[in-house]
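User: I'd like to learn how to read charged side chains and helix faces in a model. Could you walk me through an example?

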Amino acid sequence: MSAPLAEYTCTSIIVLVPDKEKPLEWIGIAKKDLMPLPADVRKFFGHALDFAQRGGQHDAAKTLKGFGGAGVLEIVEDDAGGTYRAVYTVKFEEAVFVLHCFQKKSKRGIATPKKDMDIILARLKVAEALAKELRNEKKVD
């Protein structure tokens, strides 16, 4: 006679408790671009960004190719209205910087459109300058 399945199941909860949660900084109009996206998509992105602030990486966050390493990530979420992306960087100690939020409209492949890659690159440079400013402010304090 076999035992009930419930006797063999195990539930694990992993809690990330960093020394300090990183602040979230929105670059350019990234936050404004987020607001018209569907509520469920915004909630999902918020949850994934919370992981990043606490030093983790959500399962849906993947390295964005073309930026030389794992410092720039994208979260991809689908719903009935389409595919949505949020791009952020954890390259800098000072904060998690959200670079771009958008709906992917191209039906050809999964590649991020050049226009959006250009926006991400420009905002990454802004994030780098802001991180440097924040670092310098910390030295003064």
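Analyst: Happy to! Let's begin with D116, which is buried (under 20% relative accessible area; exposed is over 50%, partly exposed in between, with a 1.4 Å probe and protein chains only) yet has no salt bridge. The nearest side chain of opposite charge, K115, is 4.6 Å away; Lys and Arg count as positive and Asp and Glu as negative, with His and the chain ends not counted. This is a predicted model, where local features need pLDDT of at least 70 and side-chain atom pairs pLDDT 80 or more, while totals for chains, interfaces and linings use all residues. Residues are numbered from 1 along each chain as its sequence is written, and side-chain values use heavy atoms, leaving out hydrogens and water.

User: What counts as a salt bridge, and how many does a search of the whole structure find?

Analyst: Side chains of opposite charge can pair when their charged atoms come close. The cut-off is a side-chain nitrogen of Lys or Arg within 4 Å of a carboxyl oxygen of Asp or Glu. The search finds five. In one of them, R85 pairs with E74, with the closest N and O atoms 3.4 Å apart. R85 lies in strand β4 and E74 in strand β3, so the pair ties together parts eleven residues apart in sequence; strands are DSSP runs of E, at least two residues, and helices runs of H or I, at least four, numbered from the N terminus. Both R85 and E74 are buried.

User: Which residues of α2 are buried?

Analyst: They are V41, F45, A48, L49, A52 and Q53. The exposed residues D40 and K43 sit on the face turned away from that buried side.
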